[in-house]
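Q: Can you walk me through this one? I'd like the layout, the rings and the pockets.

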Amino acid sequence: MLVAVDHVQLAAPPGSEDLLRRFYTGALGMTEIPKPPVLAARGGCWFRAGAVQLHLGIEGAGGPGGFRPAKKAHPGLRVTDIEAFAARLASRGAPVTWDDGLPGHRRFYSEDPVGNRLEFLEPTGPGPGAVGGPA
C-alpha cells in the first residue's frame, strides 16, 4: 500500500551542483540535505522543505543521450502566498508562467537553472486536489 511520496528526482548535467544549490536554497528557500557517501560520489544534490524532498541527480556528459531537462514531466509543489512566491522567483531571474487551467487552484510554471519544469500551486477552494475538494 502506498502511503506517501518520499521524494522526486530530477536530472541535471555534470558540474551544475553550485548553480542548483543557489536556486534551490536561495530562490526556493529549501535546505540542502546530505547525501549518503556512496551516493554523494555520483554528484548531484538533495534538498528539503518540510516533508518535501527534491533530489537532483547527475545525468549524461553531453552529446546524444546526454542530459535533457524535463520539459513536460515535473513536480507539483504546493506553496502558500503564491503571488509572493512568484515574485520571489521572478526577482531571481526565473521564468513565471501563470496557468488558470486547474479549478480550485492558482498556479504557475517555472524552471530550474538547468531547464527542468517546476509547477507551483496553491489551493483556492473546492476542486480536484484542493484541500476538502474531490480527489
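Predicted model: local features only at pLDDT ≥ 70, side-chain atom pairs only at ≥ 80, totals over all residues.

Q: How many helices and strands does the chain have?
A: There are 3 helices and 8 strands. Both are DSSP runs numbered from the N terminus: helices are H or I with at least four residues, strands are E with at least two. The order from the N terminus is β-α-β-α-β-β-β-α-β-β-β. Of the 135 residues, 38% count as buried.

Q: Now rings. How many aromatic pairs are there?
A: The whole structure holds 5. Take Phe-108 and Phe-120: their ring centres are 5.0 Å apart and their planes are at 25°, so this pair is stacked. Phe-108 sits in strand β7 (residues 105-111) and Phe-120 in strand β8 (residues 117-123), so the pair links parts of the chain 12 residues apart. Rings of Phe, Tyr and Trp (its six-membered ring) pair if their centres lie within 6.5 Å; planes under 30 degrees apart count as stacked, over 60 as edge-to-face and the rest as tilted.

Q: Where does the charged end of Arg-117 sit?
A: Over the ring of Tyr-109, 3.9 Å from its centre. A charge sits over a ring if NZ of Lys or CZ of Arg is within 6 Å of the ring centre and within 35 degrees of the ring normal.

Q: Pockets next. What volume does the largest pocket have?
A: About 210 Å³. A pocket is found on a 1 Å grid over the protein atoms alone: it is an open set of points where a 1.4 Å probe fits, with protein on both sides within 12 Å along at least five of seven lines, and lining residues have an atom within 4 Å of a point. The volume is the space filled by probe spheres set on the points, which are joined across faces, edges and corners.

Q: Which residues line the second largest pocket?
A: Among them are Leu-28, Met-30, Leu-77, Phe-85 and Phe-120. The lining has 9 nonpolar, no polar and 1 charged residues. Ala, Val, Leu, Ile, Met, Phe, Trp, Tyr, Cys and Pro count as nonpolar, Asp, Glu, Lys and Arg as charged, and the others, Gly among them, as polar.

Q: Leu-77: buried or exposed?
A: Leu-77 is buried, with a relative accessible area of 12%. Leu-77 is in strand β5. Its C-alpha atom is 7.6 Å from that of Leu-118, 41 residues apart along the chain.

Q: Last one. What does the side chain of Asn-116 reach?
A: The backbone oxygen of Ala-11, at 2.8 Å. Asn-116 lies in the loop between β7 and β8, and is buried, with a relative accessible area of 1%.

Notes. Residues numbered from 1 in each chain as written. Heavy atoms only, no water. Buried < 20%, exposed > 50% of the residue type's maximum accessible area, 1.4 Å probe, protein only. Polar contact = N/O pair within 3.5 Å; in protein donor to acceptor, adjacent residues only side chain to side chain.
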